Amino acid sequence: MLRFAPSPTGDMCVGTLRVALFNYICSIQRKEPLLIRIDDTDSERNIPGKEKEIFEILDLFGIQYQEQQLQSNNLRFHRAMALQLLQDKKAFNCFCTPEPIEAKRYDGACENLPAEEVIDNPLPFTIRLKKPNHPITVTDLIKGESTFTPDEIDSFVLMSAKKYPTYNFACAVDDMLYDVSLIIRGEEHLTDTPKQIAIHEALGYTKKVEYAHLPILMGETVSIKWLLEEGFLPEAISNYLILLGNKTPCEIFSLQEAIKWFDLRLLCKDPIHFDIEKLRAINREHLRGLNPKELSRYIGFADEEIGNLAKLFLEEASTLKELRVKVGAVFAPKNVPDEYKEEFERLRDLTLKAPHFDDYESYKTYLINLSGLQGENLLKPLRHLISGAESGPELADLYMFVKNYLKEVAK
RNA sequence: GGCCCCAUCAUCUAAUGGUUAGGAUUCCAGAUUUUCAUUCUGGCCAUAGGGGUUCGAAUCCCCUUGGGGUCACCA
């Protein structure tokens with residue numbers, strides 16, 4: 001079992017989606033199920049609705065999973081395990097207030113409190129795990145081996161004074177309960193790992209869990225929702241996120257193709273920068289690969305010709321949003337600069353009165369003959385007339401896909 | 001600050017002790033298409049610094065510097 005465990009505390013960002021993607025790929029490669037676990041133990045930070053958004057994004061990106069779980073539903077197990085550890089003397093009640101410990105290492109004051117002092121104590125208390133008596137080595141598929149001393153692991157809190165589990169405890173218990181075999185998560189969790197291993201050891205859980213901690217994605221606060229609104233295709237976003245900090249056989253690929261060759265161990269270990277320019281280039285390639293009808297639907301039409309027209313604009317546009325603007329300008333009322341307003345009007349009148357020309361050359365010849373315009377004086381206003389822009393693709397190419405709408409475009 | 005990870009153009013990367021240090025994105029210049037944009041061709045741009053090891057180092061070792069992570073009753 002693999003798991004992806006996001007918190008419903010904000011919009012999903014590119015760094016988080018990358019973790020989801022890698023978990024999905026590895027679950028397919030290893031033929032193991034994938035669990036989506038919503039880590040919602042901090043009820044104060046949870047944002048209603050975010051959980052639904054997470055699942056919608058996973059669906060949109062084609063990340064299939066076999067199980068889903070709300071971490072808060074396992075509260076009874078967390079409490080039962082905490083009790084168990086207390087009984088086994090692997091954990092102890094701690095009556096210290098948070099302030100004195102702040103910023104310093106916990107002094108272990110409550111570790112050896114006599115039973116009567118514990119029982120008589122009216123103060124709120126946390127439950128801490130007794131720090132391990134030996135170093136713990138984490139073996140990571142990407143980072144290699146790291147060893148942590150007992151002092152680094154410390155007697156950390158398992159259950160808060162409100163009797164809710166801390167992240168490390170809930171996480172370790174749930175991973176055990178669901179028999180998770182490989183944990184892929186962000187590098188920020190690397191130092192949590194020895195703590196979670198310590199919990200497993202205290203609980204007598206001996207399964208050897210594999211770990212892979214991904215290097216930080218800098219600028220990772222870019223939200224998926226925003227990228228989607230900007231008109232990036234999910235397949236382009238996943239392409240980019242898999243490409244980043246990775247050695248891939250090619251640059252443009254689908255998620256399904258990546259499953260064939262993806263290897264966690266090839267990921268680079270240093271932090272990487274999210275580069276939206278590169279994403280734009282990749283998005284453009286994916287847009288090019290779409291069939292015209294599909295593309296036209298993405299930008300609000302349902303017509304193969306409009307799709308082909310949009311593909312022309314891919315010379316300068318990289319996102320669906322930009323494409324909508326370009327194609328929209330073709331059909332929108334034209335705002336003509338004074339510089340060639342007169343010529344524009346002349347061409348417009350001629351176009352509205354014109355018969356249908358199947359090819360651009362005939363249309364152009366017709367305009368040259370009746371308007372007396374040529375060269376720049378013809379082409380600049382003509383470009384504006386049929387595209388609503390001052391620059392853009394070849395006029396002959398534009399004409400091919402615009403000719404059936406010519407009267408509408410020129411009106 | 002302690003501990004840990006990392007280090008090739010601006011960015012993502014290639015080069016597994018022997019290459020002219022390669023590609024992609026960005027940027028710039030020429031070219032071509034009766035306008036522009038595109039496209040094409042070309043160009044700029046890197047082994048962080050210092051010591052070793054070696055016939056030979058981007059590659060192995062050490063130090064320095066720089067970047068990042070972490071040190072919660074958050075996840």
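**Ground rules.** The model is predicted, so I took local features only at pLDDT of at least 70 and side-chain atom pairs only at pLDDT 80 or more, while totals for chains, interfaces and linings use all residues. Residues are numbered from 1 along each chain as its sequence is written, chains are lettered from A and ligands numbered from 1 in the order in which they are written, and side-chain values use heavy atoms, without hydrogens and water.

**Sheet.** I looked up an open sheet of three strands and found the order β4-β5-β8, with antiparallel pairing. Strands are DSSP runs of E of at least two residues, helices are runs of H or I of at least four, both numbered from the N terminus; two strands pair if DSSP finds at least two bridges between them. The edge strands are β4 (91–94) and β8 (157–159), each pairing on one side only. β4 and β5 (residues 126–129) share four bridges, and Ala91 stands opposite Leu129 in β5.

**RNA strand B.** I counted a residue as near if one of its heavy atoms lies within 4 Å. On that basis 50 residues surround RNA strand B, and Ser7, Glu152, Tyr167, Gly245 and Lys247 are the closest. Of the RNA atoms within 4 Å of the protein, 64% belong to sugar and phosphate.

I then checked single atoms. A polar backbone atom of Gly245 is 2.8 Å from a phosphate oxygen of RNA strand B. Lys143 places a polar side-chain atom 3.3 Å from a sugar or linking oxygen of the RNA strand. α18 gives the largest share of the surface near RNA strand B, three residues.

Technical notes: Polar contact = N/O pair within 3.5 Å; in protein donor to acceptor, adjacent residues only side chain to side chain.
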